[in-house]
Every structure is written in structure tokens, then in C-alpha cells.
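This briefing is written for a reader who is meeting the structure for the first time. Please look over the sequence and the model below, and then read the notes that follow.

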2 protein chains.
Amino acid sequence: MTTSLLTDHYELTMVQAALAAGTANRRSVFELFPRRLPEGRRYGVVAGVGRALEALKDFRFDESDVEFLARTGVVDDATATWLADYRFTGDIQGYPEGEVYFPGAPLMVVEGSFAEAVILETLLLSIYNHDSAIASAASRMTLMAQGRPCAEMGSRRTQEEAAVAAARAAWIAGFDATSNLAAGQRWGIPTMGTAAHSFTLLHDSEEEAFGAQLASLGTDTTLLVDTYDVTEAVKTAVELTDGKLGGVRLDSGDLLTVAREVRDLLDDLGATETRITVTNDLDEWQIAALSGSPVDSYGVGTNLVTGSGHPTCGFVYKLVSREDSNDPSIQVPVAKRSRNKVSIGGRKFALRRLDQRGVAQAEVIGVGNPPRGDWNDRPLMVDLVRDGEIVGTEPIADARERHLRARRELPPSARRMSRGEPAVPTIYLEADGEEFDPLAE
Amino acid sequence: MTTSLLTDHYELTMVQAALAAGTANRRSVFELFPRRLPEGRRYGVVAGVGRALEALKDFRFDESDVEFLARTGVVDDATATWLADYRFTGDIQGYPEGEVYFPGAPLMVVEGSFAEAVILETLLLSIYNHDSAIASAASRMTLMAQGRPCAEMGSRRTQEEAAVAAARAAWIAGFDATSNLAAGQRWGIPTMGTAAHSFTLLHDSEEEAFGAQLASLGTDTTLLVDTYDVTEAVKTAVELTDGKLGGVRLDSGDLLTVAREVRDLLDDLGATETRITVTNDLDEWQIAALSGSPVDSYGVGTNLVTGSGHPTCGFVYKLVSREDSNDPSIQVPVAKRSRNKVSIGGRKFALRRLDQRGVAQAEVIGVGNPPRGDWNDRPLMVDLVRDGEIVGTEPIADARERHLRARRELPPSARRMSRGEPAVPTIYLEADGEEFDPLAE
């Protein structure tokens with residue numbers, strides 16, 4: 001399976017025209033960055049890095065790809081030949097996976113010939129825009145859960161392959177498990193789940209259904225108790241397990257009220273160790289609202305896999321620099337002329353400026369060399385690809401730990417669920433170290 | 001590649017528990033249906049049928065799948081053995097692809113043993129929920145475009161495989177082309193695209209960039225004219241082509257104003273045949289607002305692939321009927337006890353009731369036999385799978401035609417962009433033919 005056709009048609013027509021014009025090999029720098037955070041959000045989470053590196057490995061045009069492109073006239077023969085030999089040979093630096101980000105962050109800096117770098121645009125954006133949208137929503141949910149475990153269970157509410165990617169992004173952002181089996185198979189993420197209402201309805205009574213589940217999955221299983229009457233179901237469940245039931249799941253009703261009632265009932269019946277999981281249309285606000293309720297874990301579906309109101313990040317991929325047409329040793333910063341849009345020519349660095357206690361104060365982004373001096377600046381970018389060789393691969397557990405670490409570094413305003421400004425401002429530095437406002441240009 | 005692990009963990013634990021309890025083989029009927037339309041929408045569009053049938057073909061558990069499930073303890077040995085032999089052997093009926101739908105519509109009715117039917121839940125929902133969300137948004141856009149061609153170009157704003165599915169769904173709902181090459185390769189959808197701003201920035205001047213593109217792609221190409229100054233760019237473009245330029249693309253600014261200015265300029269310069277394409281953050285309202293502007297075609301990205309505010313349909317998959325535990329020849333309707341949720345036990349039929357001029361009046365849904373009498377009722381369901389054999393495969397062009405036909409049948413209220421009620425009401429019929437209100441039960 002190649003990934004090369006998960007790409008916009010115009011990437012290839014640009015390659016064709018540049019090859020013909022003799023400009024395809026101009027050394028170029030592209031940056032993948034957010035112009036802003038989703039409205040009102042305090043921070044974003046980088047996800048998709050590991051998937052992008054995997055996709056890059058398979059980014060080549062095999063015989064059937066080239067045949068399709070030639071047959072349908074997408075490209076001419078010269079371009080088809082060039083594509084058949086395509087391998088990315090350049091360099092990529094970027095924010096590592098799980099890192100948090102702020103407006104303007106150069107999440108990925110891709111350097112290579114124009115043709116080899118432009119052609120990656122669509123696929124890199126698809127992966128980053130989706131995965132980071134999910135991770136950014138997921139992080140707010142795990143933040144609000146305050147240590148209570150969260151499980152991702154939204155597979156049915158998003159495209160089937162997006163579901164696997166969503167499970168992965170959610171796990172990086174602190175979720176503890178997923179219902180998605182492919183995410184377990186491909187990425188080693190813990191999977192979980194027990195039964196749906198249909199299982200109860202298959203049997204003549206709730207008692208029969210619970211009995212069947214307990215016999216097969218053991219008393220530590222979680223029983224779904226809201227098919228008919230919650231109180232009756234809890235009583236039956238406790239009775240069948242002699243009070244040793246692992247958990248109950250509530251999937252409907254006013255969870256604040258019901259969770260309290262069920263906890264009291266379980267305790268009265270002696271099932272004090274039985275856990276309560278809630279799963280009905282949760283989002284970060286619902287989770288926050290349930291923080292005082294006797295809930296032991298959350299299952300989140302729709303609102304997670306659709307990015308809780310922001311299903312895509314709006315990252316863009318822009319040419320910021322390319323070699324001088326007369327002197328290949330010189331790089332010229334370039335940018336589209338835009339009103340109200342941050343487009344800054346030139347290759348960027350990125351630092352997180354911390355105060356003396358290690359709390360983040362600003363995202364410092366600039367062209368040229370990072371500032372020297374007495375700053376407590378943490379460099380944000382790492383090598384992902386060097387001379388075409390992928391060097392940034394890591395276990396996703398590392399991304400998960402990095403995320404929790406980076407989130408802890410943020411000031412308290414990052415925890416606010418109300419709409420507002422990013423938790424830290426972005427400071428743009430000129431090559432001479434002076435601050436500037438890119439929108440005031 | 002199998003599709004079987006694109007599935008929630010709990011589907012397999014239910015199979016395991018039902019196998020152990022001896023209830024797994026109870027003949028069962030599941031329905032996939034919407035409880036409602038997205039808030040304010042007038043109709044929905046069924047998409048994903050063809051993809052679901054392809055996915056069903058690959059829904060089997062190969063050695064590595066079974067090994068994963070056994071190793072991680074998702075299922076026990078007996079279930080692993082059952083899964084290794086799994087093939088769906090039942091029947092599926094449903095709305096054909098491209099058909100419009102209304103609340104309660106039994107979009108898919110899956111009949112088989114409990115185990116073989118329940119296990120399809122996640123994958124069928126993933127495909128239908130995603131593809132129908134995109135098609136439903138797309139149909140509103142093509143409706144507002146009033147015959148002007150629309151191109152899908154949102155690949156970069158959604159997960160890379162979701163992008164291919166989105167291109168397909170959009171085409172079924174009346175889009176004319178996509179930027180996504182994989183959608184062209186896999187489904188034969190026409191692809192298109194020419195150049196991005198980076199191509200202009202690669203060159204020393206707009207004239208040089210346009211010259212390179214025209215030399216390679218011909219004068220019928222579309223030039224992107226808003227990298228620097230639109231007026232200058234249009235003049236350059238017309239000059240270079242002697243007024244024979246195919247088209248210009250506008251990707252920024254106030255499109256209403258700019259499109260008019262560019263049309264006037266093109267006409268003044270004699271380029272009266274040059275088409276104008278606009279592509280900046282369009283949605284159905286923007287397209288409607290541009291209906292009086294001299295725009296020749298629309299390119300739609302983000303708002304299309306994210307379902308224009310409704311990225312998922314919220315379809316559910318419910319057990320509605322299963323065999324009597326004492327008499328396998330009898331089917332018992334079943335339903336969860338729900339407040340404020342339409343859950344009707346029993347296998348449904350679905351008809352579109354038309355008036356004498358062929359205009360849709362109602363979605364008629366009921367249990368048992370369809371009503372007889374003097375109605376002009378169009379049956380909505382077709383066979384998709386019979387005894388495990390896929391019989392519903394069709395060229396996607398058929399789905400596209402069906403959609404345009406079904407949409408034409410709707411009353412004028414279907415065209416309203418304001419929020420409101422579904423274009424036609426859903427009428428629920430009892431087995432005796434009496435109407436009833438499922439929420440009043």
C-alpha cells in the first residue's frame with residue numbers, strides 16, 4: 001500500500017510545471033503551522049507525528065499509481081518517470097508528538113527540493129489536522145477528568161480509519177483505553193468493552209443476560225444497567241455477584257443524579273468496590289460537571305472523535321523560503337501578501353519560554369538564530385527526518401508522557417474551560433532579536 | 001487487508017458471552033437508523049452503502065487478527081475459533097445509496113444470527129455516519145450552486161482515508177470533481193487541480209510562474225491570481241494567453257466584490273470566456289450568497305469534509321427483533337425502554353408517499369406489511385445482501401443519479417437554508433395500519 005495518492009491533484013501538476021520550467025529542484029523550505037487556535041481554546045496538542053513518519057515511508061508511486069496518473073492525464077510522461085523514482089531525500093524538523101502548541105508554531109519544517117517537498121503537503125496536513133484536532137479535544141477531557149480514567153469509544157461516529165487514528169490521538173492526550181480493536185492491534189493501545197443494550201434484549205430477562213455475561217467474562221466485568229430500570233438492574237447485578245461486581249455502566253439519563261443514586265444503592269447493598277462508568281454524550285464540560293459525582297471513569301465517543309466542536313485544526317503548509325534563482329547558496333524568504341493572516345517568510349525556530357519555577361510564559365518564534373541571554377527557553381523542535389532517513393520514530397508511550405509533562409508546564413489559565421486567549425502569548429522575533437507583530441506589518 | 005478489527009471491543013465480548021450462553025444463534029434483526037436529522041436540516045442523504053458492502057466482503061478474521069485477539073485476551077479460545085470461521089451469512093436490506101432520508105428511516109436492516117449481525121455494528125455505523133454526514137452537507141451545497149459545478153477539495157482538512165470517502169460521498173451528492181487522487185484511482189471520480197500559492201512564490205515573478213504553468217498545462221489551465229495583487233495578476237494572465245485563458249481562481253478576500261471586479265476586468269481585456277473559480281472557506285450559505293455573482297464554479301474544502309457543522313449523523317444500530325427463546329419460528333419485537341428516544345421494536349418497512357404530481361409528502365415507516373390502498377407510495381428499501389451474498393453493488397454513477405432524482409422529488413421546503421423542520425414528516429404506522437407517535441408511548 002502506497003500513500004502517495006492521498007494527495008491533491010494540484011501537487012502533481014505543480015511538480016510537472018516546475019520540472020518543465022527547470023525550477024523543481026530549487027531548494028525550498030515549507031512550514032506546517034497553525035495561524036490560530038480553535039476559537040476560545042487555551043492550547044493545542046500536536047498529534048500525528050508518528051503516523052506521518054509511517055506514511056512518509058510509504059510515500060512512493062508504484063506501478064499502478066503511475067499507470068493511473070498517466071492514463072487519466074494527471075501528469076505527462078516526464079513527470080510520471082520522475083514520480084516513479086520519488087523518494088523524499090530532504091530534512092524534516094518539528095515539534096515532537098504530544099507537545100502542546102500555540103498560534104504560529106512551526107510544527108513541521110520540511111526542507112528539500114521544491115518538488116519533493118511540495119508533494120507531501122496534502123498528506124502531512126491530513127494527518128496533522130485530524131490527529132491534532134482529536135488530541136486537542138482529548139487533552140481538555142483528561143484534564144477535566146482529574147485523574148479518573150477516560151476511555152475512547154467513538155469509533156462508530158467517525159470514518160472507520162479516522163477512528164483508529166482518533167483512538168491513537170486520544171491515548172497520547174491522556175486517555176487510558178479505547179474500544180477500537182484495530183488501535184490495539186496496530187498501536188498496542190489497551191482496548192476495553194463489555195456489552196451493549198442489544199445483549200440484554202437478546203435474552204428473556206436482564207437477569208439472564210447478566211448471568212450470561214458474568215459466566216463468560218467473570219464478576220470483574222462491567223454490566224450495563226439502564227436497559228429497563230436502573231434500580232432493579234443494580235439490585236440484580238449485585239445479587240448475582242454477591243456484591244463482588246466489577247462495575248456498572250450508565251448510558252442515559254441525568255448522569256449527575258443517577259450516578260449519585262446508583263452509588264448510594266451499591267453502597268447500601270454492600271457493593272462498595274463496584275465502580276461506576278458513565279458514557280452518555282460526554283464532552284469536557286460534562287466531565288467537569290461530573291467532577292463532584294461518584295463516577296469512577298468516563299467513556300467518551302462522539303464529542304471526542306469530532307474534536308468537540310473543532311473537527312479540524314486548520315494547519316496550513318506554506319513555502320517560507322527557497323533558493324535564490326541566481327545563487328543556490330542563498331535562501332530567500334517568501335510569503336504570500338495577506339491581510340489579517342500571519343504569513344512570515346523564512347525558516348523559523350521555536351522555544352517555550354519558562355519562568356524560574358518552570359511555568360510556561362510564552363511561545364517564542366523567530367527567523368534566524370534563537371536569542372541568547374538569560375532566558376529559560378526550552379527548544380521545541382527535534383529532528384524527524386535527516387537526508388530522507390526517518391529518525392523521529394518513537395514509542396507512542398513517549399508521546400503520551402511528553403504530553404502530560406508539557407501540559408503540567410502550562411500556567412493555570414490552560415485549565416480554563418471558558419473561551420479565552422491562548423494560555424501563553426506567541427512572541428515573534430525578527431532576525432535581529434526585536435519583537436514584532438506579524439499582523440501589524 | 002481485513003476490516004474486522006475496525007470494531008468495538010464489546011462486539012466480540014458479546015459474541016463470546018452469547019456463544020457460552022447458547023444464545024448467539026438466535027435469529028435477530030438489527031436496524032441502522034437516524035433518530036433525527038441534524039438540528040435544523042431539511043433532509044439527509046444516504047451514503048456509504050457501496051463502501052459498506054466492500055467492507056463486508058473483507059470482514060473476516062485472518063490469522064494475525066485472531067492471534068491478536070487471543071494474545072490480548074479480548075476473546076477466549078472458543079470465540080477465537082468461531083471468529084476464524086466468520087462469514088456473514090444473513091440478509092441485508094436498506095435504502096440504496098444517494099437516496100434521501102428522514103428521521104426514523106430504517107436505512108439498513110440486518111438479519112442473521114445475533115452473533116453474526118451484532119459484530120457488524122461498529123463498522124457499518126462508522127461508514128454510514130461519516131459518509132452520510134458528508135453527502136448531506138454536499139447536497140445542500142450543490143443545491144445552492146444551482147447547476148454551477150462544485151469541486152471537492154477538502155482532503156487536507158480531514159483524516160487521509162476519510163478524505164477519500166468524503167470525495168466519494170460529495171460526488172454522489174452532486175459534486176462534479178475532487179482534488180483527491182485516490183478517489184480518482186479507487187472510484188473513478190474526476191480529479192482536478194492546477195497550482196497553489198507556493199508555485200508562484202517558487203518563481204521570481206508572477207509572470208514567470210504563470211508562464212511556467214501555461215507552458216506545461218496549456219492555456220486552458222486555471223491560474224491562481226491572488227498571491228500578490230489580483231488586478232495585476234489578471235492582466236498578466238490575459239496578456240500571456242492572448243485572452244484565451246481557461247480560468248482564474250480566487251482564494252481570498254471578499255469574493256462577492258472581487259468576483260465582480262475580476263469579471264469586469266476579464267471582459268474589458270477581452271477574456272470573456274475565462275471562467276472564475278472561487279475557493280475560500282465556502283459553505284452552503286456562502287455559495288447561496290454568491291448566486292448572483294459572476295462565478296463559474298466553486299471549490300469547497302473544510303466545510304464540506306467536516307459536514308458543515310455536523311461531522312457525524314448520529315445513526316444508531318439497534319436490535320429490534322429476535323427469535324422467541326422457546327419457538328425459533330417466532331420473532332419477538334424488542335426495544336430498550338427510553339424516554340424521548342424513538343426506539344420501536346419490530347422489523348420496519350419504509351415508503352415515500354408522493355402526491356399526484358410526484359412530490360414527496362411523507363416518509364411512511366411501519367412494522368409489518370405496507371399499507372394497501374390508493375396511495376402513491378414509493379418503496380424505499382432494496383436488497384443489499386441475500387444469504388451472505390452481496391447483491392447491492394452498483395456503479396457510483398447510479399447513486400449520483402438516484403440522489404439527484406430523489407432530491408427533485410422533494411417539496412420546495414427542502415431548499416430552505418434556514419433552520420426548520422424536515423421537508424416531509426415521518427409517519428409511523430402500527431401493524432394494523434394505524435398511525436402512532438413513538439414519542440407519546
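What is the accessible surface of chain A, and what share of it belongs to carbon and sulfur atoms? It comes to about 16600 Å², of which 45% belongs to carbon and sulfur atoms, the areas being computed by the Shrake-Rupley method with a 1.4 Å probe and, for residues, with only the protein chains shown counting as cover. This is a predicted model, in which local features need pLDDT of at least 70 and side-chain atom pairs count only at pLDDT 80 or more, while totals for chains, interfaces and linings use all residues. Residues are numbered from 1 along each chain as its sequence is written, chains are lettered from A in the order in which they are written, and side-chain values use heavy atoms, with hydrogens and water left out.

**Chain A as a whole**
- The secondary structure of chain A comprises 15 helices and 20 strands, which are DSSP runs numbered from the N terminus (helices are H or I with at least four residues, strands are E with at least two).
- Along the principal axes, the C-alpha atoms of chain A fill a box of roughly 85 × 55 × 35 Å.
- Of the 441 residues in chain A, 62% are buried, where buried means under 20% relative accessible area, exposed means over 50%, and partly exposed lies in between (1.4 Å probe, protein chains only).
- Among contacts between residues at least 6 apart in sequence, 74% join residues at least 24 apart, a contact being heavy atoms within 4.5 Å.

**Two glutamates of chain A**
- A:Glu435 is placed in strand S20, residues 435–436, and counts as exposed because its relative accessibility is 56%.
- A:Glu409 is found in the loop between helix H15 (396–408) and strand S19 (426–429), and it counts as buried because its relative accessibility is 13%.
- Leaving aside neighbours within four places in sequence, A:Glu409 is in contact with residues including A:Arg352 and A:Arg378.

- B:His197 lies in helix H9, residues 197–202, and is buried, since its relative accessibility is 7%.
- Beyond its neighbours within four places in sequence, B:His197 is in contact with residues of chain A, A:Lys318 and A:Lys336 among them, and with residues of chain B, including B:Asp226 and B:Asp251.
- B:Gly309, in the loop between helix H14 (302–305) and strand S12 (315–323), is exposed, because its relative accessible area is 60%.
- Although B:Gly309 and B:Pro38 are 271 residues apart in sequence, their C-alpha atoms are 9.0 Å apart in space.
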